[in-house]
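Q: Hi, can you walk me through this one? I have the sequence and the model open.
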Amino acid sequence: MILTEYEWSIIVLSLKIGAVAIIFSLPFGILCAWVLARKNFRGKTILDSVINLPLVLPPVVIGYLLLITMGRNGYLGKWIDQIFGISFSFNWKGAALASAVVSFPLLVRAIRISFESIDQNLEFAARSLGASRLKMFFTVTLPLAMPGIIAGVVLAFARSLGEFGATITFVSNIPGETRTLPLAMYTLIQIPNQEAATMRLCIIAIAISFIALFLSEVLQRAHKKRLGLQS
């Protein structure tokens, strides 16, 4: 199947938005997952609920909340635009922000489960040998949690590629700027006699998701083999 220039532009934009969303949310995802897995504190249940809220909220609600907070005239968006010159309104940055918010719970959940499955005796052993908490985290905890991190990244990336409601509500459906694969399919569905073009985009979306899952499995197996967890 030879892709048209229009299809290539949609794919590149979708991958760009998904990648940016994951790159910027990953450090926060690891931090939140570690706090939820390792710390007990008052308000932990509330924090956990807030992080997972995008899983149950209608995407349109998320998009509207982003619009009134991070839009050009939003509570935070106006300040960010004035101070840093960064605007999230009606551009790909806003689409990446919407994707990051919607996919964040999946990222945190997978990494948290990985942290919780680590034998803490290994961490205690590293500490007893003189490793600082920071060094222990980067040399012991993080490598052991890597399979979960990879799984979380893939899940969040796939969710970002499929994001529709929050994106169209927050940054609209602008060709070449915010029109990702789901929005492009939605646009074609509204046009008569575009079934073939819609099906092509559907196949492309399935192929990208399959490749992401396949690469995730390969990376996880390779990492586990390197750690001696799998023959």
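Predicted model: local features only at pLDDT ≥ 70, side-chain atom pairs only at ≥ 80, totals over all residues.

Q: What does UniProt list for residues 11–216?
A: The unreviewed UniProt entry lists "domain: ABC transmembrane type-1" there.

Q: And which residues does UniProt list as "transmembrane region"?
A: The unreviewed entry gives residues 12–37, 49–70, 90–108, 137–158 and 197–216.

Q: How much helix is in residues 12–37?
A: That span is 100% helix, and its end C-alpha atoms lie 36 Å apart. Residues 49–70 are 91% helix, with end C-alpha atoms 22 Å apart.

Q: Zoom out. How many helices and strands does the chain have?
A: The chain has 10 helices and 0 strands. Its C-alpha atoms fill a box of roughly 65 × 45 × 30 Å along the principal axes. Of the 231 residues in the chain, 42% are buried.

Q: Salt bridges next. How many does the structure hold?
A: The structure holds 7. One of them joins Arg-200 and Glu-7, with the closest N and O atoms 2.7 Å apart. Arg-200 is in helix α10 and Glu-7 is in helix α1, so the pair ties together parts 193 residues apart in sequence.

Q: Is Glu-7 buried or exposed?
A: Glu-7 counts as buried, because its relative accessibility is 5% and the cut-off for buried is under 20%. Arg-200 counts as partly exposed, at 23%.

Q: Which residue does Arg-38 meet in a salt bridge?
A: Glu-123, at 3.1 Å from N to O. This pair also links distant parts of the chain: Arg-38 is in helix α1 and Glu-123 in helix α6, 85 residues apart. Arg-38 is buried, with a relative accessible area of 18%. Glu-123 is buried too, at 5%.

Q: Which salt bridge does Asp-48 form?
A: Asp-48 pairs with Arg-112, and their closest N and O atoms are 3.3 Å apart. Asp-48 sits in helix α2 and Arg-112 in helix α5, so the pair ties together parts 64 residues apart in sequence. Salt bridges with shared partners join Asp-48, Arg-112 and Glu-116 into one network.

Q: Now Lys-44. Where is Lys-44?
A: Lys-44 is in helix α2, which covers residues 44–56. Lys-44 is buried yet has no salt bridge.

Q: What is the nearest side chain of opposite charge to Lys-44?
A: Glu-116, 6.0 Å away.

Q: Then what does the side chain of Lys-44 make a polar contact with?
A: With the side chain of Asn-40, at 3.4 Å. Leaving out residues up to four places away in sequence, Lys-44 touches Leu-36, Lys-39 and Arg-112.

Q: Switching to rings. How many aromatic pairs are there in the whole structure?
A: There are 6 aromatic pairs. One is Trp-79 with Phe-84: the ring centres are 5.8 Å apart and the planes are at 85°, so the pair is edge-to-face. Trp-79 is partly exposed at 46% relative accessible area. Phe-84 is exposed at 53%.

Q: Which residues do ring pairs link into a cluster?
A: Trp-34, Phe-115, Phe-137 and Phe-138.

Definitions and conventions:
Residues numbered from 1 in each chain as written. Heavy atoms only, no water. UniProt positions renumbered as here; feature names shortened; annotations may be inferred. Helix = DSSP H or I, 4+ residues; strand = E, 2+ residues; numbered from the N terminus. Buried < 20%, exposed > 50% of the residue type's maximum accessible area, 1.4 Å probe, protein only. Lys, Arg positive; Asp, Glu negative; His and termini not counted. Salt bridge = Lys/Arg side-chain N within 4 Å of Asp/Glu carboxyl O. Polar contact = N/O pair within 3.5 Å; in protein donor to acceptor, adjacent residues only side chain to side chain. Contact = heavy atoms within 4.5 Å. Phe/Tyr/Trp six-rings, centres within 6.5 Å; stacked < 30°, edge-to-face > 60°.
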